[in-house]
Protein chains: 2
Amino acid sequence: MARVTMQDVAREAGFSVATVSRVLTGSRRVRPDVVRAVRAAQERLGYRTNQLASALRRQATGTVGMVVPQISNPFFTALVQAVERSLHRSGHGLLLCDGEESPDVEAERVRTLLARQVDGLLIVPYDAEQSAACVREAANEVPVVQLDRVVSGAKSDSVAVDNELGMAEMVRHLAIQGYQQLAFVGSQPTNSTAAERLRAYLAHAGARDENNRHRVLLGDFSTAWGQKAGGDIVAGEMPAAIVCANDLIALGVLDALLGHGLHVPDDIALAGFDDIAFATLIRPTLTSVRQPVDELGAEAVRTLLSRLSRKDGMPRKIRIQPEIVPRQSTGATTSASAEGCSGTSGG
Amino acid sequence: MARVTMQDVAREAGFSVATVSRVLTGSRRVRPDVVRAVRAAQERLGYRTNQLASALRRQATGTVGMVVPQISNPFFTALVQAVERSLHRSGHGLLLCDGEESPDVEAERVRTLLARQVDGLLIVPYDAEQSAACVREAANEVPVVQLDRVVSGAKSDSVAVDNELGMAEMVRHLAIQGYQQLAFVGSQPTNSTAAERLRAYLAHAGARDENNRHRVLLGDFSTAWGQKAGGDIVAGEMPAAIVCANDLIALGVLDALLGHGLHVPDDIALAGFDDIAFATLIRPTLTSVRQPVDELGAEAVRTLLSRLSRKDGMPRKIRIQPEIVPRQSTGATTSASAEGCSGTSGG
DNA sequence: CTCCTGGCGGTAATCGTTTACCAAATCCAA
DNA sequence: TTGGATTTGGTAAACGATTACCGCCAGGAG
């Protein structure tokens with residue numbers, strides 16, 4: 001039951017711990033017959049190196065920390081999944097933390113991650129201002145990559161989608177589909193994505209129609225907010241289409257619309273942002289802006305790991321191009337059957 | 001930039017590292033004035049203890065590993081979230097791994113978790129047979145709690161919902177609602193939850209109607225499978241209601257039904273299992289068996305932590321009672337507006 | 001004044017690796 | 001045969017905390 005150490009392997013093989021270590025890490029040439037002997041001994045004892053001790057000595061844990069505002073948001077879930085996969089591919093572990101949508105919890109999580117000596121940090125900062133200090137502080141200790149959202153003033157790389165572009169294309173798409181009067185249901189711009197999407201909407205929709213400036217409802221990124229905003233819109237003068245700042249909001253709005261007996265897109269069109277898996281599982285299927293989650297995750301990991309090897313260079317801002325996915329909710333597809341959805345397994 | 005160590009604090013405070021350590025861990029009484037001096041020095045230097053070194057010495061990392069078959073399944077996401085919260089509340093960290101629905105990947109993940117010296121392991125084993133060896137092996141090294149699914153032959157605790165009970169209540173509910181002819185869309189019983197739900201369905205539905213034994217379609221726990229099975233059912237002689245082994249399957253089936261122009265529950269009723277968040281966001285809202293995810297996670301963590309302090313005692317099987325949630329899809333609610341959904345935040 | 005006891009700070013061993021440095025062995029050319 | 005270069009294994013010092021053990025000092029009893 002007592003863990004078997006390198007000492008044991010060394011004794012068993014009849015060599016020193018140094019030699020065993022060299023065989024295992026390949027840090028220096030060892031005679032082939034010795035290698036065989038050591039490997040055999042290792043096999044016999046079922047030895048696996050203690051990463052803790054190794055990490056302490058090498059000053060690198062092979063672990064990166066990740067903090068997201070809330071795991072249960074499907075977009076973040078997908079991001080976590082993509083990151084986890086990329087990390088494991090390069091032999092790293094993931095220490096995951098949920099910030100519980102609170103700057104305080106978030107800061108505390110970052111602190112414990114640093115205390116656990118993570119080699120680097122991936123963070124989706126909750127709030128553009130309240131999270132800034134904690135991100136800056138972290139960036140002084142280890143390489144940090146901001147993901148999806150960005151706070152200013154931190155010396156760190158960032159990876160996100162080009163929200164401006166995505167929103168612009170969405171507005172254009174709606175125009176092409178013939179929807180003139182638009183409304184926007186978004187989030188208070190307390191973080192970069194909310195702010196960018198709002199700004200882009202105003203810039204592009206406002207340019208076409210001065211009226212649109214008035215039909216902007218701001219809350220948070222939740223379904224609950226979508227439901228409320230949807231109700232408000234139905235109560236007033238109806239626009240031709242509603243643009244939402246993310247899919248969760250759109251789901252809420254849709255719920256409200258259907259609840260009032262409205263048909264989408266016949267009575268009113270609807271569009272979201274993120275393209276979460278459920279966008280194709282509801283009726284009507286939801287037009288959205290696809291965030292290439294796998295790419296985002298992979299790119300973030302790649303950026304972080306490259307910082308780990310060579311720390312030089314200026315912070316880089318990486319922006320990935322999103323892609324609009326037209327579906328039934330904006331009258332783009334009439335085919336009744338949805339695209340496949342690969343989410344397998346179950347509880 | 002160089003990390004500040006306990007040495008530095010000791011020097012700054014004018015005491016030895018032993019004293020500093022004692023102040024920080026509270027392992028022994030230290031004179032109040034000395035405590036103040038040490039704390040002041042710590043504050044001045046911004047010292048935080050290196051968990052790595054501490055863990056190596058104490059032989060405990062304060063970290064537990066968790067392996068789920070696939071994070072993107074909303075049920076597992078919710079479970080992870082609950083676990084993460086409970087763990088952090090007791091000062092532990094979570095090393096999360098996605099098994100990618102493969103016994104090999106799963107086994108590899110377990111091995112790296114053990115190499116990282118996790119204090120304990122929470123695992124949702126992918127396959128009743130193929131995952132058994134790896135769970136057993138892990139249970140020999142650290143306390144293991146199996147969550148949601150169970151493999152036999154491992155000396156470990158387990159926490160799960162009483163699937164038998166949940167399915168029994170669902171069948172009874174459908175009977176009360178007046179649905180006689182049932183069909184079951186489930187997963188091949190390659191894991192305990194699939195097996196238990198199938199067995200319970202057969203026991204209870206079969207008891208009422210010999211015919212029901214024939215209307216059992218088995219695939220996996222995915223939406224894709226639900227879509228296919230739904231199509232097959234529509235093509236043949238239609239039952240009055242379809243019982244699904246989880247909500248993802250139900251979503252797929254629903255998709256197929258709606259795609260064929262059928263109305264739920266007027267033409268055919270539908271029920272799921274798990275009660276994931278989206279069950280209330282689709283139309284019709286989905287009748288399901290609620291798994292109390294927060295309780296499951298909390299109980300699993302509690303069980304694991306108690307094993308960490310006192311290793312004695314036989315393995316315990318903890319079964320939590322699920323609760324059926326009747327909604328529109330079985331004609332239980334006619335109210336059009338859905339219940340609130342709290343999933344906040346967004347990408 | 002001596003001796004014992006309890007409180008408390010310091011010294012150094014320890015957790016399990018990695019690796020700088022040393023030394024023995026081997027090899028090759030002259 | 002010799003002397004330098006090259007392998008390659010061993011010794012021991014880190015990494016940064018925790019803690020067993022030691023010893024000093026103060027105070028109380030005799």
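Biologist: In what order do the four strands of the open sheet in chain B stand?

Modeller: In this predicted model, four strands of chain B form an open sheet with parallel pairing. From one strand to the next, the twist averages 15°. The order of the strands is β7-β6-β8-β9.

Biologist: Which strands of chain B stand at the edges of the sheet?

Modeller: A strand at the edge has a single partner strand, so one side of it is left without a neighbour in the sheet. In chain B this holds for β7 (216-219) and β9 (269-271).

Biologist: How many bridges join strand β6 to strand β8 in chain B?

Modeller: Strand β6 (residues 182-187) and strand β8 (residues 241-244) of chain B run parallel. B:Ala183 stands opposite B:Ile242 in β8(B). The number of bridges joining β6 and β8 of chain B is four.

Biologist: At about what angle to β7(B) does α10(B) run?

Modeller: Helix α8 (residues 163-176) of chain B packs on the sheet and touches β6, β8 and β9 of chain B, its direction making about 165° with that of β9(B). Helix α10(B) lies across β6, β7 and β8 of chain B. Its angle to β7(B) is about 155°.

Biologist: Which helix supplies the largest share of the side of chain B that touches chain A?

Modeller: In all, 64 residues of chain B are in contact with 65 residues of chain A. The elements of chain B that each supply at least two residues of this side include α4 (51-58), α5 (74-89), β2 (93-98) and α10 (223-235). The largest share, eight residues, comes from α5(B).

Biologist: Which kind of axis relates the two copies, chain A and chain B?

Modeller: Chain B can be laid on chain A with an RMSD of 0.1 Å by a turn of 180° and a shift of 0.0 Å along the axis. The two copies are thus related as by a two-fold rotation axis.

Biologist: Which residue of chain B comes closest to the rotation axis?

Modeller: Of the interface residues of chain B, 100% are also interface residues in chain A, so the copies meet through the same surface. The C-alpha atom of the residue in question lies at 2.4 Å from the axis. That residue is B:Leu95.

Biologist: Which helix gives the largest share of the surface near DNA strand D?

Modeller: There are 28 residues around DNA strand D, and A:Ala18 and B:Thr5 are among those that come nearest. Helices α2 (17-25) and α4 (51-58) of chain A, together with α2 (17-25) and α4 of chain B, each supply at least two residues of this surface. The largest share, six residues, comes from α2(B).

Terms used
Residues numbered from 1 in each chain as written. Chains lettered and ligands numbered in written order. Predicted model: local features only at pLDDT ≥ 70, side-chain atom pairs only at ≥ 80, totals over all residues. Contact = placed C-beta atoms within 7 Å. Near = placed C-beta within 6 Å. Least-squares fit on C-alpha atoms with pLDDT ≥ 70 in both. Pairing = 2+ DSSP bridges. Axes fitted to C-alpha atoms, helices over the stretch in contact; angles between N-to-C directions.
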